[in-house]
Amino acid sequence: MLQKVLIANRGEIAIRIMRACKELGIETVAVFSDADKKALFVRYADEKYNIGPGPASMSYLQKQKIIDVALETGTDGIHPGYGFMAEDATFAELCLKNNIEFIGPPVSAMKLMGSKIDSKKSMMDAGVHVVPGVTEAIKDHEKAKDVAHEIGYPVMLKASAGGGGIGIQKVEDEKQMEKALDSVRQLAKNSFGNDAVFIEKFIGDPRHIEYQVIGDKNGHIIHLYERECSVQRRHQKLIEETPSCALTSELREEIGRQAVLAAETAGYYNAGTCEFMFKDGKYYFLEMNARLQVEHPITEATTGVDLAREQLRVASDLDLEYDQKDIVPRGHSIECRINAEDPLNNFAPAPGKITRYAEPSGPGIRIDSGVYRGFEIPPYYDSMIAKLIIWAEDRPCAIERVKRALWEFQIGGVRHNIPFHSVVMNNKEWLSGTYDTSFIPRYKILDQVIDYVKEMKTQSSAPRTAAAMAAVQAVNVAMNSGGQLKK
């Protein structure tokens, strides 16, 4: 078993990994920026080291600084979390060069999956269902037009090294192709240092379904079923749930086998996610995220598998504790990403000092967070405040539990997107489970949120806030003191 792990990340995911380490008797090392010196994850770690100023480029993305801390502290493993350097093959190679275990997939799999062109070709050759398109970089305008004509407009231009919704553009017809190709290639070069762009068929308004996989170093790979991630804004996920309402039991098992095949084809081990598009009963492999996902807790909630623990065990050269037959999902789980965003300003990030903070609690509620009252959310990183994870016996009960938790969740001092989640939880399409990736624009959800916020301001939410705060605080006091509430 690994003895000491450095977490090359921050916020809630750093704490999540440290908790798994604590349960396995592994010492933890935190690296932090000037902006995070008062963060919870820094307090939680056994050892902590400042690695630079607030901007990530001067701290969390400083590969050699992190390696130097690992060597200084005698660290034998580095967990990258998600974001930052989680899918950076050069960082993984640097870890291995210094005899430090990179807690993630092998470098070869990262390089393969880091190239959408190479990964798509290898998946096609292995028999994985992929979106119709080409497996070569397109530079020439005429070649691009020929390919698009053969596939059939509209098509998608995609940066081979892209991610996070960057480097993707829809092309409606031949007139748009030249300008679009030049634009995406330039964006890809500026963002990823790689201008390779490929073309595939545009599939309008699909559902976004991903499968969690995990494997050990002896070639044993299993899947832990799906997560539905179709509630998105600008290709960024906001709400996830499992199981998906779109899949039959037969399709669920079939796509699971495809996810395992994709992982086997890549020579994969540790945790990863295979992403699929689903429409009209057909599914298409998109890509594989070679890391732990933000939304992994809902899989943990329904399967009972601690994914962070399994990552650490696999990195310690231990076999998986589970076979495929052992994975029997139970109940329904939903995750809401609670972000510091301004609903009245196009949901722009809203960093600032948290002056009021009370988390919901009770049956089936889990909060993954790295903030507290008085903490100042820095302007340099992701705007996430917390992840609200709900589990219940079925979907209707899970939705009602989300509504109750959102009512209890109290955040003051910064604007946040709890109103967004409240609007979604009462939307007919969401309630019916028939939504897809066009859900937010099609039903003008953001406009509804703005109206909701304005109405709340007009009616004054002070009585409601006071009642919720009093209820939450009374419960917390009773729980912390071991006493009982007075009737």
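In what order do the 8 strands of the open sheet run? Select them and you can read off β13-β12-β9-β10-β11-β14-β21-β19, with antiparallel pairing. Here strands (E, at least two residues) and helices (H or I, at least four) are DSSP runs, numbered from the N terminus, and two strands pair if DSSP finds at least two bridges between them.

Before going on, a word on the model: it is predicted, with local features needing pLDDT of at least 70 and side-chain atom pairs counting only at pLDDT 80 or more, while totals for chains, interfaces and linings use all residues. Residues are numbered from 1 along each chain as its sequence is written, and side-chain values use heavy atoms, leaving out hydrogens and water.

Next, colour β10 (221–233) and β11 (236–242): they run antiparallel and are joined by 4 bridges. Pick Arg233, and you will find its bridge partner, Gln236, in β11.

Now show helix α11 (307–315), which packs on the sheet and touches β9 (207–215), β10 and β12 (270–279). Contact means heavy atoms within 4.5 Å. The direction of α11 makes about 40° with that of β9; axes are lines fitted to C-alpha atoms, for helices over the stretch in contact, and angles run from 0 to 180 degrees between N-to-C directions. Helix α12 (395–408) also packs on the sheet, touching β11, β14 (332–339), β19 and β21 (384–392).

Finally, select Phe409, in the loop between α12 and β22 (410–412). Phe409 is buried, at 3% relative accessible area (buried is under 20%, exposed over 50%, partly exposed in between, with a 1.4 Å probe and protein chains only). Among the residues Phe409 touches are Ile338, Tyr357 and Ile418.

Technical notes. Lists of a residue's contacts leave out its neighbours within four places in sequence.
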